[in-house]
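Dear colleague,

Please find below the structure that I am handing over to you. My notes on what was found in it follow directly after.

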Amino acid sequence: MKAAYILLLICIFPGLAQADADQAARFGSLSPNRQAPAKAQKLVLDKYFQSHEEAQLIPLAAPQPIIEQPIGLLPADHSGPLSFEQLLQAAYAHHPLIRRSMFDQMVAKTDITVAKQAYYPTPNVSVNIGEHGRQVLSAGLTQPLYTFGKLSTGVNQAQVRESIATLAIDETRQSVALSLVNLWRNYLAAALQITVFQNTLDRYEEYHAMILRRFEGGRSSQADITFVESRISQTESDLKATEARRNTTLTQLSQVTGLVLNSQTLRIPVS
């Protein structure tokens, strides 16, 4: 039943199964027999399918503390605006490129396990048709005695791939962090500009009210009113454009961190 369920899931997710099969096919040169690819594929599939009742992707462990929270939700201990450090932790936990790098590392570790298993005996079972149409069942073990360094080379290659995958995680983290820094800088710039435009708009509104009073008293001309109203219109236009830029940056920050963010959930540092 479990084998049938796995085959059904493979049919549902052909791309995922094919990627694992391609990963497992690399192990063919690690053993003198042809059962290593099957071992590798089984090990990778066992990582995906924990039971025959449901398919569940194994959580990826990070080498440092992260926000263990479903994608799109704020941390459980969230009690105020998020800081940049919290956004960075969320990006490390949820960014798809980092999670893919962690999966590559997990597959590389599986490579090492499969390469080492080539040292152990491999059972072989076959059924043949004998005399008078009788079925003959034969079983045995195959054990490589000496492979001229082929098995140890396979283990070394797998260990090198695991080291490369580990370095790829750090490189991906650095790339994501730099992207987050740029987005955070753009957001801060837009947020501070919005504050400036709002204060300027409030000041122009005060000037406009004062000019209207002066105009009613005959101490200001229509040109003064037109000038102030044009300034108000320009400031309102700049404010809307900056708000749009801020909202776009918020959307990009949400994509990088996996959190649903708005202007109320981010903390602006005060110097």
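Two residues count as being in contact when they have heavy atoms within 4.5 Å. On that basis, among contacts in the protein chain between residues at least 6 apart in sequence, 71% join residues at least 24 apart. Please bear in mind that this is a predicted model.

Overall composition

The protein chain comprises 7 helices and 2 strands, and from the N terminus on these elements follow the order α-α-α-α-α-β-β-α-α. Of its 271 residues, 33% are buried. The chain exposes about 17,100 Å², with carbon and sulfur atoms supplying 57% of that area.

Helix α6 covers residues 150-216, which is 67 residues. From its first C-alpha to its last it reaches 98 Å, close to the 99 Å expected at 1.5 Å a residue. Just after α6, glycine 218 adopts a positive phi of about 80°.

Helix α5 has 22 residues, and at 1.5 Å a residue these should span 32 Å; the end C-alpha atoms are 31 Å apart, which agrees. Among the buried residues of α5 are Ile98, Met102, Phe103, Val107, Ile112 and Val114, but also Ser101, Gln105, Thr110 and Asp111.

In soluble globular proteins, nonpolar side chains tend to be buried together. Here the largest nonpolar core has 24 residues, and those with the most contacts inside it are Leu87, Leu180, Trp184, Tyr187, Leu253, Leu261 and Leu266. The elements giving two or more residues to this core are α4 (84-94), α5 (96-117), α6 and α7. Its largest share, 9 residues, comes from α6. Apart from this core lies another, of 7 residues, which includes Ile194, Leu201, Ile225 and Leu239.

What does tyrosine 187 touch, not counting residues up to four places away in sequence? Its partners are Arg246, Thr249, Leu250, Leu253, Ser263, Leu266 and Ile268. With its neighbours within four places in sequence left aside, isoleucine 268 is in contact with Tyr187, Leu188, Ala191 and Leu192. Isoleucine 268 and tryptophan 184 are 84 residues apart in sequence, yet their C-alpha atoms are 9.8 Å apart in space. Since its relative accessible area is 33%, isoleucine 268 is classed as partly exposed, the cut-off for a buried residue being under 20%.

Histidine 208 is also placed in helix α6. Its relative accessible area of 15% makes histidine 208 buried. Leaving aside neighbours within four places in sequence, histidine 208 is in contact with Ile225, Val228, Glu229 and Ile232.

Salt bridges

The structure holds 2 salt bridges. In one, the side chains of arginine 161 and aspartate 111 meet at 3.3 Å, N to O. This pair links distant parts of the chain, with arginine 161 in helix α6 and aspartate 111 in helix α5, 50 residues apart. Arginine 161 is partly exposed, at a relative accessible area of 27%, whereas aspartate 111 is buried, at 1%.

In the other, the side chains of aspartate 170 and arginine 173 meet at 3.9 Å, N to O. Both residues lie in helix α6, 3 residues apart, or about one turn of the helix. An α-helix has 3.6 residues a turn, so residues three or four places apart point the same way. Here aspartate 170 is partly exposed, with a relative accessible area of 46%, and arginine 173 is buried, with 7%.

A nonpolar surface patch

Which residues form a nonpolar patch on the surface? They are Val125, Val127 and Leu137, and together they have about 330 Å² of accessible area. Valine 125 is found in strand β1, which runs over residues 122-129. Valine 125 counts as exposed because its relative accessibility is 64%, and the cut-off for exposed is over 50%.

Yours sincerely

Terms used. Residues numbered from 1 in each chain as written. Predicted model: local features only at pLDDT ≥ 70, side-chain atom pairs only at ≥ 80, totals over all residues. Heavy atoms only, no water. Helix = DSSP H or I, 4+ residues; strand = E, 2+ residues; numbered from the N terminus. Expected span 1.5 Å × (residues − 1). Buried < 20%, exposed > 50% of the residue type's maximum accessible area, 1.4 Å probe, protein only. Areas by Shrake-Rupley, 256 points an atom, 1.4 Å probe, with all protein chains shown as cover. Core = buried A, V, L, I, M, F, W, Y, C linked by side-chain atoms within 4.5 Å. Salt bridge = Lys/Arg side-chain N within 4 Å of Asp/Glu carboxyl O. Patch = residues over 30% accessible without salt bridge, like charges linked within 9 Å, V, L, I, M, F, W, Y side chains within 5 Å.
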